[in-house]
Amino acid sequence: FKVHPNLNKASQANNVLEIRDPSRAFRANVAAPLLKWQSTSSDEGTLPLTFECWPSATGDGAEMTLTYELTDGHPPLNDVEIRIPCPKSAGPKINNVEGGECGYDDANQCVVWKIEQVNADQSSGSLEIAANTDSDALLPLQVTASSEKLNINMDILECYHQTKQEPVKCALTKSMTYSLTIGE
């Protein structure tokens, strides 16, 4: 875990998050990220999606078929975005998309495939693109997604005013962001 620098590190050993200096308290009713957790792994079993990428050379460039599938046991993913690098001069063409929407991002020179949600009912999809470029130019893929379910068990049990020791209302928003690079 990484905790916000304004929190007291000594109290964390007792599973308590409190301000280090009460004069630097967080503003009421303003969301503030207090904990961040990061995990890196080369174990593909930890990934929420499996991908298959099938690039092939054509007479005038390359074609790529990309498929994804939700990995068994993983919670639904939201706002899945897959970015495929491709210069505009290569004339990228989207031949087929199953699941989500696909378009070209001129500013970042990439094909962008957006899937609103991947879940048990909509667990897979595919994309076929063609471009007047070498297939290596279509890599690496950048994938981002979010989930409201965490891989770790963590809850806020109570909140209290640090100096008055009185209970205060609080809200907890749990979210997990995935960021993957494929083909690097």
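Trainee: How many helices and strands are in the chain?

Mentor: In this predicted model, the chain contains one helix and eleven strands. Their order along the sequence is β-α-β-β-β-β-β-β-β-β-β-β.

Trainee: What share of the contacts joins residues 24 or more positions apart?

Mentor: Among contacts with a separation of 6 or more, such pairs account for 66%.

Trainee: Which part of the chain counts as buried, and what area is exposed?

Mentor: Buried residues have under 20% relative accessible area. Of the 184 residues, 26% count as buried. The chain exposes about 12,500 Å², with carbon and sulfur atoms supplying 46% of that area.

Trainee: How many positive and negative side chains are there?

Mentor: The chain carries 14 positive and 25 negative side chains, and the centres of these two sets lie 16 Å apart.

Trainee: How many disulfides does a search of the whole structure find?

Mentor: A disulfide requires two cysteine sulfur atoms within 2.5 Å. The search finds zero disulfides. For C53, the nearest cysteine sulfur is that of C86, 13 Å away. C53 is partly exposed, at a relative accessible area of 26%; C159 is also partly exposed, at 21%.

Terms used. Residues numbered from 1 in each chain as written. Predicted model: local features only at pLDDT ≥ 70, side-chain atom pairs only at ≥ 80, totals over all residues. Heavy atoms only, no water. Helix = DSSP H or I, 4+ residues; strand = E, 2+ residues; numbered from the N terminus. Buried < 20%, exposed > 50% of the residue type's maximum accessible area, 1.4 Å probe, protein only. Contact = heavy atoms within 4.5 Å. Areas by Shrake-Rupley, 256 points an atom, 1.4 Å probe, with all protein chains shown as cover. Lys, Arg positive; Asp, Glu negative; His and termini not counted. Charge placed at Lys NZ, Arg CZ, Asp CG, Glu CD.
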